[in-house]
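Dear colleague,

Please find below the structure I am handing over to you. My notes on it follow directly after.

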Amino acid sequence: MLDAQSLGPLVLAPVAGSFLGVVVQRFPSGSPTSSARSCCESCGAVIAWYDLIPVVSWLMLKGRCRRCAASIGLVPIGMELGAVLIALTCVALLPPAAAWFGCLLGWLLLAASAVDATHLVVPDKLSVPLVPLGILAAEVVAPGTGWLHAAGAVAGGGLFWALGRAYRGLRGQDGLGDADIILAAAAGAWLGPAALPAVILLAALAGIGTLACTVAAGRATIGWGSRIPFAPALGLVTWILFVTKLGPMP
Ligand SMILES: [Zn+2]
């Protein structure tokens with residue numbers, strides 16, 4: 001079942017996960033991810049190539065810097081394993097072209113979710129490209145459906161924008177961030193307009209689950225005005241619907 005076309009995403013996955021791990025970890029500082037060599041954030045030591053092998057290096061070093069033994073944290077290994085899991089699922093369930101798009105969607109949403117979970121912010125660089133990519137994916141996977149998915153993007157973004165306006169009108173404060181509107185537009189672009197009711201229902205349920213976990217972990221108390229990361233819920237639902245095709249892909 002594994003042919004050359006399926007191998008591509010699997011080979012690229014650990015590297016993509018490793019790169020996105022750096023993007024997530026360097027997010028607040030805004031330092032360049034591609035040009036600068038990787039350094040230890042504690043002691044500044046340049047990390048050697050043999051300590052940058054995805055998954056393997058983290059396990060060999062037990063998640064610590066080789067020089068100062070400072071903890072590297074769980075982000076690198078989490079992103080690498082997450083990216084591999086996404087690629088395995090896509091290759092197993094989707095034909096080759098759709099599998100590549102499923103990986104792109106999953107990897108970008110994984111990184112966006114990780115930043116949202118840690119900083120309560122979704123970088124536009126990770127979310128905005130998802131909108132045109134979703135329309136492109138529809139046109140490539142099912143030629144002639146790009147326009148419908150473009151309409152889905154407008155509908156998804158518009159719906160969340162309207163919900164946000166209504167909430168602000170009722171409560172006098174923002175309930176949905178701009179990032180949530182962009183991610184809803186992305187969901188519409190990838191899944192088409194017919195999938196939006198299912199996306200919103202499932203994302204709301206997953207969001208409540210996220211909130212319950214956050215409160216259970218003692219990291220937040222519920223109250224009006226609490227900001228909870230919504231990207232992981234919305235992202236997970238969008239990706240699962242795309243990969244399983246539960247979302248109508250006309
Ligand atoms: Zn160090």
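In this predicted model, 19 residues of domain 1 are in contact with 15 residues of domain 2 (contact: heavy atoms within 4.5 Å). Domain 1 spans 1–93 and domain 2 spans 97–250, with bounds from an automatic or database domain assignment. Between them about 1500 Å² is buried, 91% of it from carbon and sulfur atoms; buried area is the accessible area (1.4 Å probe) that two parts lose on being put together, summed over both. Phe 27, Ile 86 and Cys 90 supply 35% of the area that domain 1 buries against domain 2, more than any other three residues. Zero salt bridges are found across this interface (side-chain nitrogen of Lys or Arg within 4 Å of a carboxyl oxygen of Asp or Glu).

The zinc ion is coordinated at 2.3 Å by the SG atoms of Cys 40, Cys 43, Cys 65 and Cys 68 (donors: N, O and S atoms within 2.8 Å of the metal, or 3.2 Å for Na, K and Ca; water is not among the atoms, so sites may look incomplete). The donors follow the spacing C-x2-C-x21-C-x2-C. Cys 40 lies in the loop between α1 (4–25) and α2 (56–60), and Cys 65 in the loop between α2 and α3 (75–93), so the pair ties together parts 25 residues apart in sequence. Helices are DSSP runs (H or I, at least four residues), numbered from the N terminus.

Residues are numbered from 1 along each chain as its sequence is written, and side-chain values use heavy atoms, with hydrogens and water left out. Local features need pLDDT of at least 70 and side-chain atom pairs count only at pLDDT 80 or more, while totals for chains, interfaces and linings use all residues.

With kind regards

Terms used: Helix = DSSP H or I, 4+ residues; strand = E, 2+ residues; numbered from the N terminus.
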